[in-house]
Amino acid sequence: MRDPYTTKGGAGFRTSYFSHSPADTEAWAASLAPCLQAGDLIPLYGDLGAGKTCFARGLARGLGVMGQVASPSFTYLREHPAGQIGRPALYHFDCYRFHSAEDWYDLGFADYLDSDGVVLIEWPSRVLDVLPSPDLVISLTRGEEDQDRLLELWASPDWGKDRLSLLQELFSCSF
């Protein structure tokens, strides 16, 4: 199994943010939206209760997609169509209940990797061996206080000079 935090092309941009509330986490996730485009694959790491669905809610708001964001734990996938022409949809997966990486193919999810949307995958370690190397990786870790979270982002140097520059610009300031 490859290192889950390795992006395509090796080391690139890396940043972290310490969130003190779900609203902070959502705002940080929403701020990523201008950097994203259809076809982006984002593995989202974090233990139970780390705030993965909260992150997805913020990302969905930033993308302007339609539909209420909830955990796809029992449905495996929640599809959120694009809210505006020219913006990507959001395909929010939860692989926690997968028995093997082959479930990804058996359920037809591989087709979403070449779609009109951003693919966000919770519990990606369950399917990591069948996914292409991502351009962006997100990890959430619980802090000492109940609502504190450490949010970390790794971006591949192959992600594109313009998008990496935008990321650096966005995350050079605090929220």
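Biologist: In β5, which residue is the bridge partner of L90?

Modeller: Strands (E, at least two residues) and helices (H or I, at least four) are DSSP runs, numbered from the N terminus, and two strands pair if DSSP finds at least two bridges between them. Here, V118 in β5 is the bridge partner of L90. Six bridges join β4 to β5 (residues 117-122), and these strands run parallel. This is a predicted model, where local features need pLDDT of at least 70, side-chain atom pairs count only at pLDDT 80 or more, and totals for chains, interfaces and linings use all residues. Residues are numbered from 1 along each chain as its sequence is written, and side-chain values use heavy atoms, leaving out hydrogens and water.

Biologist: How many residues of β4 are buried?

Modeller: Buried means under 20% relative accessible area, exposed over 50%, and partly exposed in between (1.4 Å probe, protein chains only). In β4 (residues 89-94), six of six residues are buried. A89, Y91 and F93 point one way, while L90, H92 and D94 point the other way.

Biologist: And which residues touch the most other members of the largest nonpolar core?

Modeller: In soluble globular proteins, nonpolar side chains tend to be buried together. A nonpolar core is a set of buried Ala, Val, Leu, Ile, Met, Phe, Trp, Tyr and Cys residues joined through side-chain atoms within 4.5 Å. Here the largest has 30 residues, and F55, L59, I138, L153 and L167 touch the most other members. Helix α2 gives the most to this core, with five residues.
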